[in-house]
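Please load the model in the viewer and keep a selection panel at hand.

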Amino acid sequence: MTISLEPASPAHQLYLSQLAIYLRVSRQVLAAWDAYSDQHCDPDTHQPYDEDAYGLRQRQRDSDTLGAFGRVYYHADELVHVAQQQLAQLPGSARTRRYAWQVRELRDSTKRLYAVHDDWLAVRRALPACARPGTEAFEEPLAESYAEAWHYLDQWAIHGQALFAINALAQKQPKASAPVSITAPHLSKAAAASSAARRWCA
């Protein structure tokens with residue numbers, strides 16, 4: 001993808017606000033999943049009481065997480081690139097070294113996430129004509145794609161906050177422009193999930 005995003009630009013602020021939504025919603029999705037898992041698994045063996053129901057609920061977790069990431073997906077590599085640019089302008093310290101490691105994790109996760117999407121598109125093209133959305137022949141490989149993507153989405157949930165910290169430090173540098181407050185636009189989880197699922201399948 002072509003990288004044209006400028007640090008502290010209106011587009012950069014917008015993409016960060018979309019990331020803020022993802023971080024918030026993904027925490028909610030994970031908390032709901034953890035609560036479900038605790039209630040529906042044996043406390044000693046950690047095995048689910050009902051494998052089928054557990055699998056369906058896990059699919060929902062994967063789909064909801066992807067849904068929350070939907071608006072970030074197409075700009076994730078740009079956000080990482082800008083953070084790398086900003087880090088290069090910051091004085092070296094233990095803190096910035098940790099941020100650099102987190103940015104590398106995000107960069108690698110983004111590359112792998114895009115590769116998973118490409119793999120899904122190849123799988124979808126190879127499906128028989130009767131494999132339409134809603135059929136098992138379509139939904140099974142799609143669920144496998146969501147499951148593979150989940151780990152990389154979780155890495156964004158774990159390390160994504162570093163981009164805000166880097167941006168804040170960069171804007172405190174002498175020649176940095178004044179900080180722009182980030183106000184996350186309202187986006188319902190249902191709308192985000194539906195939109196992201198359509199884009200992933202497209």
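Which residues have the most contacts inside the largest nonpolar core? In this predicted model, select Leu 19, Tyr 22, Phe 69, Leu 113, Trp 156, Leu 163 and Trp 200, which hold that position in a core of 44 residues. Each of α1, α2, α3, α4, α5 and α6 contributes at least two residues to this core. In soluble globular proteins, nonpolar side chains tend to be buried together.

Next, centre the view on Leu 163. Beyond its neighbours within four places in sequence, Leu 163 contacts Leu 16, Leu 19, Leu 79, Ala 83, Val 103, Leu 106 and Trp 156.

Now select Asn 167, a residue of helix α6. Is Asn 167 buried or exposed? Its relative accessibility is 6%, so Asn 167 counts as buried. Setting aside residues up to four places away in sequence, Asn 167 touches His 12, Gln 13, Leu 16 and Gln 86.

Helix α3 (residues 76-88) has 13 residues, which should span 18 Å at 1.5 Å a residue; the end C-alpha atoms lie 19 Å apart, in agreement.

Finally, select His 46, in the loop between α1 (10-40) and α2 (51-73). His 46 is exposed, at 60% relative accessible area. Its phi is near 65°, a positive value in a residue other than glycine.

Notes
Residues are numbered from 1 along each chain as its sequence is written. This is a predicted model: local features need pLDDT of at least 70, side-chain atom pairs count only at pLDDT 80 or more; totals for chains, interfaces and linings use all residues. Side-chain values use heavy atoms; hydrogens and water are left out. Helices (H or I, at least four residues) and strands (E, at least two) are DSSP runs, numbered from the N terminus. Buried means under 20% relative accessible area, exposed over 50%, partly exposed in between (1.4 Å probe, protein chains only). The expected span of a helix is 1.5 Å times one less than its number of residues. Contact means heavy atoms within 4.5 Å. A nonpolar core is a set of buried Ala, Val, Leu, Ile, Met, Phe, Trp, Tyr and Cys residues joined through side-chain atoms within 4.5 Å.
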